[in-house]
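Please keep the sequence and the 3D view side by side while reading.

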Amino acid sequence: MQSALVRGLCLALLPVVIGLNSQAREITDMAGRKVTIPDRITRVYSAQPYTSVALYVVAPEVVINLQPGCFPLGPAENRFLRSGAKALPVEFTQPVQGEHNQLSLEAILALKPDFALAKGGPNTDASRLEQQFGRIKLPVVFVDLDGAAAYPAGIEFLGRLLGREERATQLSAYARRVLATVDKAVADIPAAERVRVYYAESEDGLATDSDRSFHTDPIRLAGGTIVHQGDLKTHFGMEKVSLEQVLLYNPDVIVALVPEFTERVYQDTRWKDVKAVRDRRVYTVPRTPFSWVDRPPSIMQIMGIQWLANRLYPERYAVDMRHETREFLRLFMGVEATDADLDEWLR
Amino acid sequence: MSYARWVALLWVLLVVAVLVALSVGRYPVPVSDIVHFVLAAARLEEMPRDRFDLLYNLIVQIRLPRVLTAVLVGGALATSGAAYQAVFRNPLVSPELMGVLAGSAFGAALGILVSGNWLVVQSLAFAVGVVAVVAGVAFARLAGGASVVMLVLGGVISGTLFTALLSVAKFVADPYQKLPAIEYWLMGNLALADLRTIGWVVLPMGLGVAVLAGLGRALDALSMGDDEARSLGVPVTAVRYGVIAVATFVSAMTVSLAGMVGWVGLIIPHVARLAVGPGNLRLLPACACMGALFLLATDGLSRTLFNVEIPIGILTALLGVPAFLIVLHRARKGWL
């Protein structure tokens with residue numbers, strides 16, 4: 001009985017002892033906070049889906065969890081994960097949407113992370129996450145991943161943080177090149193000639209996001225005009241609209257997140273008067289190994305923006321998409337795509 | 001106003017409301033176009049092919065299913081609510097009492113989790129809704145008897161159980177696709193059904209509402225108390241279970257059609273009672289009309305006010321609360 005108590009006490013104190021013994025250093029994160037983290041980093045806990053993907057791209061060796069937003073990782077996606085990543089524990093979260101997930105602190109502690117990585121820039125209110133992780137004495141590091149334009153700097157920050165400078169430089173150079181090329185291709189399109197895009201996020205196609213939502217960011221970067229306009233009502237988005245509203249918008253292109261919607265929409269007579277359906281310009285966002293565009297928005301958008309620009313303006317952005325996709329997956333994910341994969345994603 | 005006048009007024013209003021609902025929406029269609037469309041459909045007039053197709057799509061394929069869903073769901077919920085209030089001799093009762101909505105919600109969530117197919121979702125919503133009520137009645141019988149109090153307790157237990165199961169389903173749902181789908185289902189959506197689905201449910205639902213409305217006299221007897229009803233020759237237990245069964249059946253169907261639409265089953269019976277009096281023989285048909293009217297009106301607002309749709313469940317609650325307060329204020333000397 002007594003020995004059990006002693007053992008329990010020792011176990012409880014263990015993290016403190018280890019914390020005292022290991023080498024520590026102080027860094028400044030992208031929210032401008034000073035954080036003390038271990039010198040050698042081997043295990044990083046991702047607090048959100050965005051950081052899961054970013055971490056996985058820059059330093060797959062230190063990933064210890066994938067956030068549920070990275071679902072679904074079915075057999076098709078698993079082929080595109082580095083071996084080892086497949087066995088990662090996936091943290092369940094409370095049924096609260098978006099960034100307000102409750103974290104199971106004990107489960108995180110059991111993963112023995114060196115620190116937690118969360119998305120945040122200079123304007124982030126760090127107190128909520130600090131308080132949460134503070135209960136298990138886990139430092140939080142914020143990395144700015146707000147929108148595609150922030151990715152190159154975010155990747156470089158992660159490179160410095162994790163001692164992967166060389167890889168990070170390579171990745172950020174690619175990201176910068178893509179952003180600049182796409183921007184150059186679409187920047188001078190007059191407003192009247194821009195392709196008008198409706199973003200269909202649900203299976204019935206009637207959940208969407210407006211031109212001011214960060215969810216539609218990649219479509220705008222690729223030169224599209226979002227037909228649904230208005231203020232952001234919730235951070236989570238997915239506003240419900242009626243089919244009549246979509247008919248009224250009459251978009252040139254529909255970008256669809258759910259493949260089941262695309263399969264159905266050409267048969268559904270109610271949709272047949274929508275210009276995009278009539279012109280057969282409904283495009284499903286590839287989700288391998290993570291969504292290329294949104295839900296969750298992640299570094300995969302560097303691929304997604306090229307794909308979108310090519311779909312919206314095949315003449316203006318006439319790059320070899322098969323080649324670009326191969327290169328992106330090789331560079332960012334460390335995997336090879338087969339011809340059949342490319343056929344499926346780029347059809 | 002006499003009962004006959006009320007009936008005539010309600011029917012005229014319902015027909016007008018259906019016509020108005022068919023002609024409003026986000027896509028502007030002038031009334032004159034609708035007249036031309038009807039004439040063209042009856043082959044009395046020529047209309048350009050593409051214009052006709054567009055109007056057909058808008059009016060027949062997009063608006064008509066919604067309007068029919070609103071009529072069916074509103075009528076069914078209000079009638080079952082009134083029947084429930086009579087059976088349980090309690091004005092604060094709605095079809096939710098025996099756990100049907102909690103069960104249906106869990107069934108739908110389960111369907112969304114295991115498959116994206118709407119047919120699976122709709123079938124499970126209906127089936128689990130019925131299971132929840134059967135469980136509620138079984139709990140009551142386990143505790144001994146079919147008395148009103150025991151049935152209410154059984155329903156509370158069953159409702160709690162299925163609400164907890166719904167929370168589990170939401171807990172394990174993928175927060176990017178499945179969870180929003182469940183949330184939207186829970187807020188109610190009249191745009192889910194297409195004409196074919198409505199074709200399947202219109203007969204059973206209509207029949208269920210008709211059966212409930214036909215039980216008016218027996219329900220009147222029941223509202224006087226079990227012993228009094230028995231002395232009048234009414235088979236109390238059979239009527240009580242029968243009404244619960246039919247009301248469950250139609251309420252579960254409303255969830256299959258449109259998700260969770262709250263409040264209609266609670267407030268419309270009170271509004272109707274104010275109009276035609278507490279006698280169930282007159283009350284139940286009036287409820288069917290008024291429920292349909294109320295949901296037609298709220299849905300009309302939901303799909304025209306903004307460029308996003310306000311979930312119908314939110315609007316029924318927002319419009320229902322003031323309506324309920326007015327009714328309560330004016331009816332204090334009556335039923336309550």
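Helix 6 (residues 151–162) of chain A lies across strand 3, strand 4 and strand 5 of chain A, running at about 145° to strand 5, and helix 5 (residues 127–134) of chain A lies across these strands as well, at about 150° to strand 5. Helices (H or I, at least four residues) and strands (E, at least two) are DSSP runs, numbered from the N terminus; contact means heavy atoms within 4.5 Å, and angles run from 0 to 180 degrees between N-to-C directions of axes, which are lines fitted to C-alpha atoms, for helices over the stretch in contact. This is a predicted model, in which local features need pLDDT of at least 70 and side-chain atom pairs count only at pLDDT 80 or more, while totals for chains, interfaces and linings use all residues. Residues are numbered from 1 along each chain as its sequence is written, chains are lettered from A and ligands numbered from 1 in the order in which they are written, and side-chain values use heavy atoms, with hydrogens and water left out.

The three strands form an open sheet of chain A in the order 3-4-5 with parallel pairing, where two strands pair if DSSP finds at least two bridges between them. Strand 3 (44–46) and strand 5 (140–143) are the edge strands, each pairing on one side only. Three bridges join strand 3 to strand 4 (residues 115–119) of chain A, and Ser46(A) has Leu117(A) as its bridge partner in strand 4.

Elsewhere in chain A, the peptide bond from Arg295(A) to Pro296(A) is cis, with omega near -5°, and Pro296(A) is found in the loop between strand 11 (282–284) and helix 12 (301–312).
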